[in-house]
Structures are given as structure tokens and as C-alpha cells.
Amino acid sequence: MTQAGSTIVERYRAPGFWRSVFSRLLFSAEARHFALVLPLLLFILVTVVAPVGHFLYRAIDNSTVAENMPRTAASLGDWQPADGVPGDAAFAAFAEDIRAAASAETLGQLAQSLNQQLTGTRNMILKSGLVVDDSVTADNAKAILLEKLPGLAKPELWALFKAGGSAYTDFYLLQSFDLERDVSGEIRMVGADRAIFLAAIWRTIVISINVTVICALLALPVAHVLASARPPYAGILLALVLFPLWTSLLVRTVSWIIILQGEGPVNTSLLYLGLIDDPLHLVYTRGSLYIAMVQVLLPLMILSILAVVVKLPKELVRAATSLGADWWQAYWRVQLPLIAPGIVTGAGIVFVFALGYYITPALIGGPRDQMLSSYVALYTNKTLNWGLAAALALQLLLVLVVAMLGWAAFQKLSKGKGA
């Protein structure tokens, strides 16, 4: 051992060395700060990260099929859909799996899981629990099952059973992008009558971007007025801005239905003034959806911009105009770049909230205005297709990640220019 190595070893063996190391770790400023935020981190981990992660896992979960049909999947190891109906061993294994699932009272779960991946399978699987009795043996299973359950002759059904050999599936992720696997396993687009999710995610992104832009355009002048107003008018204006946040989202949305309906105050006023002959169709349209979402989210954008505007030195615009710039040049080239961080922060908040909107589009939007969250709620609460709901939720999460990367790139670019 070298002299330097001997010195290090003697230092570690010195009395009180490790006690001083642990003391520094336990009682350092960083350790105290971490201890203060630890309850919040644990709360978020238990109430947000764990349940959301468990829900998103449903997008690839195929454990119900894998646990209930292990013998059938194993018997189809060398079978291909082009081979047609499989042999006696596969039917015997299928009978054994159905008998075991019925005994374990999991046949209903298996039928529902298979039906989500191949429509029309549920009743046949449930009926197979009645067909497979003690008279069904390995020798006669194929003849009896094909006679009483003709649907078992479909190769795509046996391809689904074979895929059950894995506890994971890409079926829900593909379906969320309007894709599917054919009988041979090749990925293809679904038919036009079933392709709805790509249009839904695109519609969700477009609506969220438009709402964000409208909020930014409306919030900029309001933030300047609030920043320059004197007491008590500044307090009154700020209270008016915050008032929508103090009201229930459901109440605010329903109030727009009353205002925009055929007999509502808008149509009544236009008819009274003679501007229209018949009531306008204002509610349950894309326009009414924009109005309701902007009204709900506008305060968030105003507060984000206001937090930056109030800190701006008022002398900047005067200095720019004194150097020859007109008002627009001074605002566009001097003041607006300084307000940009507030706009970007507000845009990020509004976009994220708009992306996950469910109640407002469901109540005030038309049939073609439903956003992706509506489908997540539909498959979670009504059809109980949690795998597809989780896959659609992953799409929303992917859009958020892309938006965050864009925001991070903007922050880095801003710092680079500032340097």
C-alpha cells in the first residue's frame, strides 16, 4: 500500500470520523430542508404518483388473460393464424383453462378483458363456462366446443389467446392511435368508421392552443391596466378578475348555457334590437366552448402576466421614446420581451388546464367538440375499459411532456440571450 493509501485508511479509522460524517449529513442545512419537504414528497408519492402510475400501467396490462389462459397460450406455441383452426391439444387446454377460471370465479373478468380486445367475445366465453362440464375431455373437447360454440373456429380469436401468453400487450396503445394488428400480427390503420382517437387528440391540442392564444391576447391589456391603476380601483379590478375563480366551475359552465340558449339574454337582446329574425344557435358549438373555457382560464393568464408587469420600470418606455422610437416600437422591442416570461408561464398553466378539460366540453360543446378527457371518462366510468382509458391518458401525458420540453427550451434560449 502506498503512503497516500495508508494516510486515507488511517483517517477513516480515526476515532469519531464516521460520527462526524453522519452528524454533517443529518444536521446539515440540506438535510433540514429535505426534512421539511419530506412530508409533502411522501404525500405526493402516495396520493398522486402511485395511483396515477398504477392507472397508466393498465395501458399495457394483459395479466387477466395471461393468468387465466396459461395452458391455451402454451398449446399455441407453434400455431399460426394461417394454419386455421388449431388441433385437439389447444381445445383441451382451452377447456381446462375455462374450467379453472369458472372454479376461481374469474371467468367474468376474463370474458370482459377478451371482449375489450375482440368485440363479441364476452358472451361466448361466458357460455363456454356452461358448455365445459365433466363430459368434456381431452379427446372430445374440439368436437363438442366447435359444435356448441361455432365462434371458436375464428383464427383471430385463437391469435388473441396466443397473445395471452404475455402479461403485457400493446393492444390498447395501438388502439389509442387508431391502429390494430391483423390476424398475421402486422400493424395497420383501423377502418374509417372506427378511427376517432387521432382526431380527438388533434382536436384537443388545437382547442387548447386556441384558448391559450385568446387568453394571452385578452390578458395583456388587462394586466397593464391593473398594474397602472391606483387604489382603490386596482383592488376592485383585481377582485373582478379573481371573481370567476371563487365560483364553482360547474356553475360557471351552466350559466353560459343559460346565457347562450335560444331564449337566453343574448338572443333575446338581438331579437329585440332587430338585428336577427330567428334565434342564433350559440350553445353546444365550438364558439360557445371557447367562450366558456376562456372565461374560466383567463384569470390564470392575467395573474401570471401581472406578476411580471408590476416589476417593470416605467422609465423604459419613456427612455425608448426619448431616443426616437414611437409607442408601438417601444412596446414591441423593449417592454414585450421583458413581459414574455410571464406570458410563457401563463400560457403553460392555461394550456395544461385546457388540455385536461372535461366538464366544460361535455356540457357546452357539441358532439364534434369533445376533447380527449371525455373519452378517458367514458372508458373509465361507463364501459370500464380501463386499458384504453389509460392509453388515452398516456397520450395527454405525452403532449404535456412535449409542451414542457418546449417551455424548457424557451427558458434556456431566454437565458442565453440574457447572458
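The conversation below concerns a predicted model.

Biologist: Why is threonine 204 called buried?

Modeller: Threonine 204, which lies in helix α12, has a relative accessibility of 0%. Buried means under 20%, so threonine 204 counts as buried.

Biologist: What does the side chain of threonine 204 reach, and what makes this a polar contact?

Modeller: The side chain of threonine 204 reaches the backbone nitrogen of leucine 372 at 2.9 Å. The cut-off for a pair of N or O atoms is 3.5 Å, and the value of 2.9 Å is within it. Leaving aside neighbours within four places in sequence, threonine 204 is also in contact with residues including Leu355, Met371 and Leu396.

Biologist: Where do aspartate 178 and tyrosine 284 lie, and what is noted about phi in each?

Modeller: Aspartate 178 is found in the loop between α11 (171-176) and β1 (179-181), and its phi is near 60°. Tyrosine 284 lies in the loop between α15 (265-272) and α16, and its phi is likewise near 60°. Each value is positive, in a residue other than glycine.

Biologist: What makes the peptide bond from proline 231 to proline 232 cis?

Modeller: The omega of that bond is near 0°, and the bond is cis. Proline 232 lies in the loop between α12 and α13 (233-242).

Biologist: Which residues touch the most other members of the largest nonpolar core?

Modeller: This core has 37 residues, and those touching the most other members are Val211, Cys215, Met293, Met301, Ile305 and Ile339. Two or more residues come from each of α12 (197-228), α14 (249-260), α16 (286-309) and α18 (327-355). The most come from α16, which gives 13 residues.

Biologist: Which residues does valine 211 touch?

Modeller: Not counting residues up to four places away in sequence, valine 211 touches Tyr290, Met293, Val294, Leu297 and Val350. Apart from this core lies another, of 28 residues, among them Leu76, Ala101, Met124 and Phe161.

Key:
Residues numbered from 1 in each chain as written. Predicted model: local features only at pLDDT ≥ 70, side-chain atom pairs only at ≥ 80, totals over all residues. Heavy atoms only, no water. Core = buried A, V, L, I, M, F, W, Y, C linked by side-chain atoms within 4.5 Å. Buried < 20%, exposed > 50% of the residue type's maximum accessible area, 1.4 Å probe, protein only. Helix = DSSP H or I, 4+ residues; strand = E, 2+ residues; numbered from the N terminus. Contact = heavy atoms within 4.5 Å. Polar contact = N/O pair within 3.5 Å; in protein donor to acceptor, adjacent residues only side chain to side chain.
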